[in-house]
Amino acid sequence: MAVIEIKLCLLGDSGVGKSSIVHRFVYDSFRPYMENTIGAAFLTKTMIVEGRTYKFQIWDTAGQEKYRALAPMYYRGAAAAIIVYDITRESSFHAVKLWLAELKRHASPNIVLAIAGNKNDLEDLREVSYQEAQDCAKSHGAIMIETSAKSAINVASLFVEIGRRLSNLDMTMSLPSSNSNALNVNQRTGQDVKGRRKCCGF
Amino acid sequence: MAEEPVVSSANDDEFKQGSEPGACRNSMLIATDSYEDIAQYLKADVCQSDVPNGKSTSVVGDADDASETSTPDQTVKCQNRVDPEETSVCSEQCTQYDRQEVSSDDSAVGDNSEETATTAVTETGQNSPKETLPDISCINRQLSSLSASDGSPHSVDTDQVCQPASSDVTEPSVTAEEYLSPELDYVHSAQWKNQDKHIFILSKAGKPIYCRYGDEDRLVTLFGVMQALVSFIQSSKDSIRYIVAGDHKFVFLVREHLILVAIAQTKESSTHLLLQLTYIYNQVLSILTLSQLGRIFNMLHNYDLRRLLSGTEKTFDNLLNVMNQDPSFFLCAVRCLPLETSVRDTVAQSIAQNAKVKDLVYAILITNHQLITLVRMKHYFLHPLDLHLIFNLVSATESFKAAESWTPICLPKFDSNGYLHAYISYLDESCDACLLLLTVDKDLFFTLSDCKRKIMEKLTKHHSLKAICESIRRGNYCISEAGIPELRHFLYKSRSTAQFTSPKFEVPYTAEEDRQRLFRLYQHLHYRIHCNSRPLKIMFTVGEYETLLGWVTSGFELYAVFGPLVTKPLAINSINKLLKWIKKEEDRLFILNSPTF
């Protein structure tokens, strides 16, 4: 059985719940007072859906502005990107549009995009309407789903949907080579050029 | 009661340099600066950026003495009787300096009505007081203009504004309603005022960046005053170092882009406070790098740096908390996890062999502010100041426990202008040891992740992991192991390796309050011995609750605490025994060789 490796990264403003979504997905747990992520955290999760084995390699990036410049490092080699916003914070949805624009310009053209409206359990405090987000996603051909890491709503389906779309994409593009049991769908657009710095100017 | 410090000649010879316990055997593991070097470095940095005309500057410690003795109510925290006699030791020195009083009006500070004098010390104040020291009327004028622009009608007294603890009895004409604007109300709340130590970071333009207690936005005026004080003294080609007002000490660290201020009523010396501010400054650099800081402020003079530092407040809070209880900061030394040499060597070898990666600079294994092992690239040393920032980052960030992390970090002593990339991962869920692999290549994450897996395999195979966990669980050793009944506690620093060791706190230092008092005593002892104007070799003081003995040679520093009734010969005898014990245990307590990749 082929293992489909999926490299994906989570982007979005600080405090929208990127790490919470990942934790819900990987450990199926929720911490109400999640700490800030420092830099980026790397997690993996293997799951079997419809007879296919998906191995997710997840980069959970930090949302603070100072890490903004590092984002390309994570989305450049990724097959999929999840842009998370907080449905109770209009400004975080605004950031989604900026991320979409940036990914369009700099990421691989085949990257699968997903927009996740997190904190879906806080319906009373909603600031971003479902329709608005749906329209935005449609115009970019992205998956759109509202999730709640706290109440475990739609988190797994978010990842499954990405997996499904990626494998379909791959099937139409090329047939898996018969002798390899690992099918890699990382859509690397050539190795990124490394500017090797010497050891800090010494 | 206290006695004059005695300089021993006989005991000095007993441990020749290089043979004292914990002396490094081959090349150094950690680069070292002595405390004097750091004091020198602090001074040099401050001078260089702020006194362009090259006026001779006074030594930090010199003027310190003057201020130390100028406050009559200066005692070591919690009724320790060590102090009065000690202060007299230095009194001859302080008469040489003409203290300049910025404000001479005796104001009531807080609740006690003791007379207090506000003393300001600046860089060049000692040499040309007339020229450089501002008189009180100038400052008053400046401050009142400042407050006028805020819309408050009354003139402000220096004491009142820059001192959170001052009472506002001097302005009877102002009604309570006028005075208690929300901001001032906040600043005057007892809870805020009574904090032992306030730390503020602001930009050169006076924009708030960080404060230890409270909300920066509500303290904007206070930040304004601090900026005014700094720039006022700067306008006369001088730079402010500290102000002493009653129980409070206001210490300023002025760097190229930032101003850091400590306001403390902890009786710590200004050198120690300055050192703490330097740690905080380095923490900022470790997040942003000096070059980025320069770029930001050159582009936008009044940039709000909080945007870039958001999410890191916890690192600062944690650093400040730890600095208030961990002697490693003022000793500028690192504590190692006690471990059998064979185990430590195996661990180091497992790391060195499995992490042979080009561009990997350091591999560090730590636990809870203690070093387990450090493997480094040839020719690159790690400075204790940098290592403390790493300790702090790891202890302040719970999220490293959940997943492997990859983050840029700047080590200011290594290179203040560039980032290293750190792979951070705990060894095992059951074990509190954290592995950091630092590289200059930002694309090495997966390579390093693979290294960690191999290292883990090796450590498990050799049962090293179990030994490490066991040692972490056991914690620090007991003083009774040394077999010296009259000795209560000690700090021993090997100067050549920049490592120190101390036993765990036992009776009578189990309560938080007593531990804090002991910490302050150590700080005071350290300060007195390293005081630049009168450095001491040995210091023996008797207090109400304990007797302290400090001994510094070119190879080590030892600070020991005995019961109050211990005599001098007995104490000397005990520390000789202690040195022999440490020598015997040195392989376990220190890292004496320095593995490289």
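**Ground rules.** I am working with a predicted model, in which local features need pLDDT of at least 70 and side-chain atom pairs count only at pLDDT 80 or more, while totals for chains, interfaces and linings use all residues. Residues are numbered from 1 along each chain as its sequence is written, chains are lettered from A and ligands numbered from 1 in the order in which they are written, and side-chain values use heavy atoms, with hydrogens and water left out.

**Chain A.** I noted 5 helices and 7 strands in chain A; helices (H or I, at least four residues) and strands (E, at least two) are DSSP runs numbered from the N terminus. Their order from the N terminus is β-α-β-β-α-β-α-β-α-β-α-β. Chain A has 202 residues, and 51% of them count as buried.

**Salt bridges.** I took a salt bridge as a side-chain nitrogen of Lys or Arg within 4 Å of a carboxyl oxygen of Asp or Glu. The count over all chains is 28.

Asp13(A) pairs with Arg89(A), with the closest N and O atoms 4.0 Å apart. I traced this pair to distant parts of the chain, 76 residues apart: Asp13(A) is in the loop between strand S1 (3-11) and H1, and Arg89(A) is in the loop between strand S4 (80-86) and helix H3 (90-106) of chain A. Asp13(A) is partly exposed at 22%, and Arg89(A) is partly exposed at 28%.

Back at Asp359(B), I found a salt bridge to Lys358(B), with the closest N and O atoms 3.8 Å apart. Lys358(B) is exposed, with a relative accessible area of 57%.

Glu470(B) and Arg473(B) form another salt bridge, at 2.7 Å between the closest N and O atoms. They sit 3 residues apart in helix H20 (residues 464-474) of chain B, so about one helical turn separates them. Glu470(B) is partly exposed at 35%, whereas Arg473(B) is exposed at 60%. I also noted that salt bridges with shared partners join Glu216(B), Asp217(B), Asp304(B) and Arg306(B) into one network.

**Interface of chains A and B.** I counted 27 residues from chain A and 35 residues from chain B in the contact, contact meaning heavy atoms within 4.5 Å. The two chains bury about 2700 Å² between them, 56% of it on carbon and sulfur atoms; this is the accessible area (1.4 Å probe) lost on putting the two parts together, summed over both. Glu35(A), Ile38(A) and Lys66(A) supply 23% of the area that chain A buries against chain B, more than any other three residues. Across the interface I found 2 salt bridges. Glu65(A) bridges to Arg307(B), with the closest N and O atoms 2.8 Å apart.

**Rings.** I searched the whole structure and got 25 aromatic pairs over all chains. Rings of Phe, Tyr and Trp (its six-membered ring) pair if their centres lie within 6.5 Å; planes under 30 degrees apart are stacked, over 60 edge-to-face and the rest tilted. Tyr85(A) and Phe93(A) have ring centres 4.9 Å apart and planes at 65 degrees, so I logged them as edge-to-face. Both Tyr85(A) and Phe93(A) are buried.

Conventions
Buried means under 20% relative accessible area, exposed over 50%, partly exposed in between (1.4 Å probe, protein chains only).
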